[in-house]
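Hi,

Here is the model I promised to pass on. Have a look at it first, and my notes follow below.

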Amino acid sequence: MSVQRCDVLVIGSGAGGLSAAVTAAWHGLKVVVAEKEAVFGGTTAWSGGWIWAPLNPLAKRSGIVEDIDAPRTYLRHVLGNNFDEVRVNAFLEAAPQMVAFFEEKTALQFQDGNRICDTYGTVPGAGTGGRSVIAAPYDARGLGNLVKRLRHPLRETTFLGMTLQAGADLGAFMSVTRSPRALGYVARRLGRHVVDLAVYRRGMQLRNGLALVGRLLRSAADLGVDLRESSPAIRLIYESGSVRGAVLRTRQGEVEVRASRGVVLAAGGFPHDPERRQALFPANDQHLALAVLSATGDGLRLGESVGGIVDTTLAAPGAWCPVSLVPFPDGSIGRFPHIIERGKPGIIGVLANGRRFCNEGNGYHDYVSAMLAAVPKGEEVASWLICTRAFQRRYGLGIARPAPVPVEPLIKSGYIKVGQTISELALICGIDPDGLERTLAEYNKHAREGRDPVFGRGSTPYNRLQGDPDHKPNPCVAPIERGPFYAVKVVPGSFGTFAGLKTDGSARVLNSTDRPIRGLYAVGTDMANVMGGHYPAGGINLGPALTFGFIAGRHLASQPN
Ligand SMILES: Cc1cc2nc3c(=O)[nH]c(=O)nc-3n(C[C@H](O)[C@H](O)[C@H](O)COP(=O)(O)OP(=O)(O)OC[C@H]3O[C@@H](n4cnc5c(N)ncnc54)[C@H](O)[C@@H]3O)c2cc1C
């Protein structure tokens, strides 16, 4: 077997892995990134790209200045028994340093998310803005030939192959029928996209997670990181109580990569590891993971093989998201994450008994948690999002985009169910018609006055941000009265996993006596989620993934050879 040498071996090329690799390389270390798939980027490339990083320099430059105690207080309240003081402090202290490091020293530039508030606005310390950033859009031509090794976007969340960024970009696409300015912007974006498709056979205006990966890859290449695709790590080299590298399976056969400083596990958690999922996920047989198929729990198994411990005591083992199944014309079935339309005025979610079960405008994780709790044992865990055709044309419904994109193909494929009356819709969906009629009568009575006394839609800043600011008096509540009525079925799904390897504040993997295993780090979703399995804000996967990657890279640079 051939033997190769470096200072640091990183296993996996998502946010966690690339952050560790770029940081270590910037400190002068010789770094190898081993990626299992033929393309780089992992689930990170498919993500919305939002990064929770309180106290970040972009917010400060805009005059949003907070004390570290504010986000710490917020996390202490939300995380409760799962609040891990050491790791939370490590995260909060390093997150602003991470953002500053990347924007000052690398190709990773950011845009602010100063309007984005935390999920639980009534909890002490909740942020009302300034805790999120996103990678600035990136022209993939900056990657040169490397662009061929970059993952393509997730088909379900693109429009004609284009990634759209939440905020002004997406807003323009949603108001194209009402604003000439938006129409002009969209026409320019589309025109450029068509040229890119003709020349490069892919979208080149990278946004969201793809822009993040594109910029991290550019930075890694600039710093001389050795990027190796199609090279899964299959076992760790463990000698005299230290991890000293790993064996990679490559097209040329097995290669032993010896890493003098250490190995970083960043293989994307266990979204597609059937055994660990069966052991940990509620309603696992009905669960639809959105993560890349190569995230099969390798990092967790590699960690366990040298004494690492997987923390299964978190509030939830995964980052939940409601998902609908999309029948595509080519016969394949897609998975669509319901992130945006649930918060708009004029839509509700109901169970098979026709009853609502939560504030639909709350976070995606909470929608699924509420669904899991509300469905009686033994029944299929599913709910239906119900709205009018007018709502769908205005805001979209799942993958059925707003006007002027036609909805008819998705009605024909059976994705969208249609009823001229509520009871007709209920019968088509298999919902109890009397239950649904009663629910709508009760909901509409209050919704006409902009109220939702049962679940409080519109009661938090997060709800209102998700709503429609032009809809009065409540941006999140409107009656559902005039047919035709539309419905789409949503089931439990996930963005990624939370249960992961126990680590310390330096991202070192801990053994059963809580001592660091020499030479082994875990970041991203291979590391037990620092939010303790809670979902206090959008961006709480990528923020910690980048931050603990940065912490690991810096720590490795401080180690002797
Ligand atoms: C649609 C969608 C939207 C999302 N939006 C957001 C958001 O806006 N903000 C947020 O915080 N989170 C978001 N998430 C979640 C977030 O994307 C993930 O939690 C995060 O990207 C995980 O990063 P990672 O570095 O742990 O793993 P990944 O990005 O999945 O990278 C892991 C890599 O490791 C590779 N690998 C696996 N096994 C091996 C092996 N044996 N050897 C070598 N390589 C291996 C995989 O192929 C993969 O490329 C979203 C997720 C989805 C699906």
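Which ligand atom does a backbone N or O atom of threonine 43 lie 3.0 Å from? An oxygen atom of the ligand.

Before the rest, the ground rules. This is a predicted model, so to speak of local features I need pLDDT of at least 70, side-chain atom pairs count only at pLDDT 80 or more, and totals for chains, interfaces and linings use all residues. Residues are numbered from 1 along each chain as its sequence is written, and side-chain values use heavy atoms, with hydrogens and water left out.

**Ligand site**

Back to the ligand: there are 34 residues around it, and Glu35, Thr44, Ser294, Thr525 and Leu542 come nearest (a residue is near if one of its heavy atoms lies within 4 Å of the molecule). From threonine 525, a polar side-chain atom lies 2.7 Å from a ligand oxygen. The protein buries 97% of the 1000 Å² that the ligand exposes when taken alone (Shrake-Rupley areas, 1.4 Å probe). By class, that shell has 13 nonpolar, 17 polar and four charged residues; here Ala, Val, Leu, Ile, Met, Phe, Trp, Tyr, Cys and Pro count as nonpolar, Asp, Glu, Lys and Arg as charged, and the others, Gly among them, as polar.

A cavity is a set of points where a 1.4 Å probe fits but cannot get out; a pocket is an open set with protein on both sides within 12 Å along at least five of seven lines; lining residues have an atom within 4 Å of a point. Volumes are the space filled by probe spheres set on the points, which are joined across faces, edges and corners.

The count comes to one cavity of 30 Å³ or more, and the largest cavity holds about 50 Å³. Its lining includes Thr119, Tyr120, His365, Asp366 and Tyr462. Helix α10 (residues 364-374) gives the most to that lining, with three residues (helices are DSSP runs of H or I, at least four residues; strands are runs of E, at least two). The lining of this cavity divides into five nonpolar, four polar and one charged.

The second largest pocket has about 410 Å³ of space. It is lined by 16 residues, and Phe328, Ile399, Arg401, Val405 and Leu410 are the closest to its centre. At least two lining residues come from each of β7 (158-159), β16 (318-327) and α12 (408-412). In this pocket the lining splits into 11 nonpolar, three polar and two charged.

Most residues other than glycine have a negative phi, and most peptide bonds are trans. Two spots to check are in the loop between α15 (461-466) and β21 (485-497), where proline 473 lies and proline 484 is also found. The bond joining lysine 472 and proline 473 is cis, with omega about 0°, and the one from glycine 483 to proline 484 is cis too, omega near 0°.

Asparagine 208, in helix α7 (residues 208-222), has a positive phi near 60°. It counts as buried because its relative accessibility is 8% (buried means under 20%, exposed over 50%, partly exposed in between). Serine 240 has a positive phi near 50° and is in the loop between β11 (233-239) and β12 (242-250). At 65% relative accessibility, serine 240 counts as exposed.

Cheers

How values were computed
A polar contact is a pair of N or O atoms within 3.5 Å; within protein, one must be able to donate a hydrogen and the other to accept it, and residues adjacent in sequence count only if both atoms are side-chain atoms. Buried means under 20% relative accessible area, exposed over 50%, partly exposed in between (1.4 Å probe, protein chains only).
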